[in-house]
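Student: I am new to this structure. Could we go through it together, please?
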Amino acid sequence: MSLHVNFSTHGQDLKNAYTAVISDSDPTDWLIYSYDKGTNDLRVQGTGDGGLEELNDEFSDGKIQFAFARVIDPNTELPKFVFIAWCGSGVPETRKGFFNSHLIEVSNFFKSFHVQINARDEADVEPELIMKRVSESSGAKYSVHKEQRRAQPAVTPVGSVYKKTEVPDIAAMQRASMKKEGPPAPVVNIATMGTNYKPVQTAPKPLASRWNAATQQQDSGAAAVRAERERAEREVREREEQKAREQLERNRDAEEQERQQLAQEEEARSRAAEESARREREAAAQRQREEAERRQEEERLRYEQQQADAAREAEEAERLRAEQQRAEQQRAEQQRIEQQRLEQQRLEQERQQREEEEARRLEQERLQQEAEAAEAARQREQEAALQNQLDETADRAVHSATHAAGAAVDKAQGAQGTSAVVLFTYSAGEANEMTLVEGEVIVQIDQVDEGWWFGVSEDGKKQGLFPANYVQLLEEEQQPAAQQPTAAAATPAPAAARSPSPVKQDQGNSAVALYDYVAGEDNEISFKENQVITHIEFVSEDWWQGVGPDGRTVGLFPGKYFLFSFNETIAKQNHSQLRRASTLKRHHPIFSCKSILSL
């Protein structure tokens, strides 16, 4: 970064603001410059037309600023320009070192001004103080705009011996000369006029006349005297008028010279005042330059001293840091040794704890093995007792089934579908299951799964799903009697393995009706609740197509009327999925076949 002021970055804005202040046609009367943050790029901080009072609010303690203002001189009422260089008390010391050199560069940028003020606090930029400095810098305490016209002395005649010449009455003189002999006496004393005039002595000759020659001679003499007198008086008047005109011209010239002399004196005083102001400005600028150089030198010495102090402080800090580093290394080494010792102690303690825990674990395992052996013996005893009870129950079930089979065979042969006799009592756990009573007969059995079948009670009052290993198919009664006890004895309780179901013909996707439905169109099929629809095809989201309960009719039916949809082979392989389907039916009565397949 350059140490000089950069006027180029915002040069156009700086020039425009300066031109606005010095222009008489622009109302802007002040501007203030400051720096971009962290650089020496000078920019326009603000302008305004509110005078020094508005400018006073723009100065900041933490900035270096330069202001230029136009004010009116209270003495001459002429515009004057004021340059203010502001260095706030909060400016960093390293920044203050460039203030004086930057001040000279900015003052050269403004070219000319009448007053320069170097300010460091708000007291230096008070409007009253600035106007006082402007008033004192104007030199003479007068103004051509305030001076009143002085009264001019009246023009008086120049002192002389001149006296006004009395105008003679020529007609009266002529009348008097007609009555008297000889030339008429002069009416005016020529000598009092202060001239070299001498009366003209005439000697007129007598004139001959045919009529009254004496009278004619007398009249001719009088006329000649009158003419001579008139001529003399005319000459006197002309000379007096010429003198008066010459005196008037001299008076005018004297007045003009006096005015010129006054104007020259006024101009000389003005030039002297301007010269005095110029010399004062030059002296002030010289003092400022000397002060700036002195301050710059002081700042340079202070900066060098600060650098030297900073170097010494850095050396001292480096020495202290080295000592601290050595001390920290020693402490770290001591801590490492201490940590190693503590780690060894911890490892030893952990080894002892592991040995103790291993001993406790072995003891617990021994005790647990003994407890497990005792528990196993107890369970074997309980299982033996339970097996005895199951054997007894199976024997009773076989005898009951043997007696009931004979009575039910004939009736079951006429019934619809497969029939079976209940071997064990079963309580329904869900809404789609049916309760079994030992010895009753279940008809219309549909082997929907190898573990769960669907059927109807012999009296037709109940129907639903039931576990397949709780019943015995009646067809098996026709087998040799010797095999029945063995099969009954091999049949386990509800927790034992289920007997396999016979293989049925593949009917494709099938579903069980939840509700009755009557066909509303010719291409639809009707069905009753719990009837099975086979060979289902999913025509749409809501309507399916399949074979009706009679095994012959094919048509459409609403899919939401059915609970299960499954393939016979898939059903045998996914017993757990059908269990979940039964649960879904209990919580969601309307459950689509497509959702069941997604399971």
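Student: Which residue in strand 14 is the bridge partner of Q545?
Tutor: L556 is the bridge partner of Q545 in strand 14. Strands here are DSSP E runs of at least two residues, and helices are H or I runs of at least four, numbered from the N terminus. Please note that this is a predicted model, where local features need pLDDT of at least 70, side-chain atom pairs count only at pLDDT 80 or more, and totals for chains, interfaces and linings use all residues. Residues are numbered from 1 along each chain as its sequence is written, and side-chain values use heavy atoms, with hydrogens and water left out.

Student: In what sense do strand 13 and strand 14 pair?
Tutor: Strand 13 (residues 543-547) pairs with strand 14 in the antiparallel sense, over five bridges; pairing requires at least two DSSP bridges between two strands. The two strands form a hairpin with six residues between them, and G551 in the turn has a positive phi of about 80°.

Student: Why is strand 14 largely enclosed?
Tutor: Four of the five residues of strand 14 (residues 554-558) are buried, so the rest of the structure largely encloses it. Buried means under 20% relative accessible area, exposed over 50%, and partly exposed in between (1.4 Å probe, protein chains only).

Student: Changing topic, what is the order of the five strands in the open sheet?
Tutor: The order is 2-1-3-4-5, with mixed pairing. Strand 2 (42-48) and strand 5 (115-119) are the edge strands, each pairing on one side only.

Student: And how many bridges join strand 3 and strand 4?
Tutor: Strand 3 (residues 64-72) and strand 4 (residues 79-87) pair over nine bridges, in the antiparallel sense. F83 in strand 4 is the bridge partner of F68.
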